[in-house]
Amino acid sequence: MIILPTFFKNESAALASSGLLLLTLTATGCQSASEPSEAIVSQPTSTSATAISTDISQQTLKQQALRIQRALANKNFSRIAKDIHPTRGVRFSMYAYVRPESDKVFSRAQYAQYLQQSKIRFTWGERDGSGEPLIIPLPEYLDTWVKAKTFNDATLSVNEFLD
């Protein structure tokens, strides 16, 4: 938790990329800055957790995903900083395939810093089809690559595969 750039003709690649950002923010255990870190540690990790707490945590994840999607769709990129995992950060993958060796991973502080310093450019990966590297600042990447509005009517699921 994507905007399709004009030089891209493959919309599915951009859609996969946007879903991946939202998924990465949620799947890495993101929490709101208002939640204390202890909340993560004290969460039940065994399968003996009651269905009620599972429903609550799934509902919380879905609400968080929607909040992130809305912030991205409205280009309010700074708003998601509080949802970035405090130790794992947020991973950016240009396409659905995650490349740990080359994907950009930013901490909350780095993300906030790079949003403000729009002259710092990053190599995000290679463009599909041309193989040309995408080298732009974080604000431009979010503005041109993240097409969150396409997910306005998306169906959310937690730990469940949807066809």
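Which residues of the largest nonpolar core touch the most other members? The points below answer this and then turn to the loop and the hairpin.

1. **Model and fold.** This is a predicted model. The chain contains five helices and four strands. Their order along the sequence is α-α-α-β-β-α-β-β-α.

2. **The core.** The largest nonpolar core has 26 residues. Those touching the most other members are Phe92, Phe106, Tyr111, Trp124, Leu138, Tyr141 and Leu142. Two or more residues of this core come from each of these elements: helix 3 (51-73), strand 1, helix 4 (108-116), strand 3, strand 4 and helix 5 (138-145). As background, nonpolar side chains in soluble globular proteins tend to be buried together.

3. **Burial and surface.** The chain has 163 residues, and 35% of them are buried. Its accessible surface is about 9800 Å². Carbon and sulfur atoms account for 51% of that surface.

4. **The hairpin.** Strand 3 (residues 121-126) and strand 4 (residues 133-137) run antiparallel and are joined by five bridges. Glu126 has Pro133 of strand 4 as its bridge partner. Six residues separate the two strands of this hairpin. In the turn, Gly129 has a positive phi of about 95 degrees.

5. **Ser93.** This residue sits in the loop between strand 1 and strand 2. Is Ser93 buried or exposed? The relative accessible area of Ser93 is 5%, so it counts as buried; the cut-off is under 20%. Its side chain is in polar contact with the side chain of Asp103, at 2.6 Å.

6. **Tyr95.** The loop between strand 1 (90-92) and strand 2 (104-106) also holds Tyr95. Why does Tyr95 count as buried? Its relative accessibility is 17%, and buried means under 20%, so Tyr95 qualifies.

7. What lies 2.6 Å from a polar atom of the Tyr95 side chain? It is the backbone nitrogen of Asp128. Tyr95 and Arg127 are 32 residues apart in sequence. In space, their C-alpha atoms are 9.4 Å apart.

8. **Points to check on the display.** Begin with the loop between strand 1 and strand 2, where Ser93 and Tyr95 are found. Follow the Ser93 side chain to that of Asp103. Then go from the Tyr95 side chain to the backbone nitrogen of Asp128. Finish at the turn between strand 3 and strand 4, with Gly129 and its positive phi.

Note on methods
Residues numbered from 1 in each chain as written. Predicted model: local features only at pLDDT ≥ 70, side-chain atom pairs only at ≥ 80, totals over all residues. Heavy atoms only, no water. Buried < 20%, exposed > 50% of the residue type's maximum accessible area, 1.4 Å probe, protein only. Polar contact = N/O pair within 3.5 Å; in protein donor to acceptor, adjacent residues only side chain to side chain. Areas by Shrake-Rupley, 256 points an atom, 1.4 Å probe, with all protein chains shown as cover. Pairing = 2+ DSSP bridges. Core = buried A, V, L, I, M, F, W, Y, C linked by side-chain atoms within 4.5 Å.
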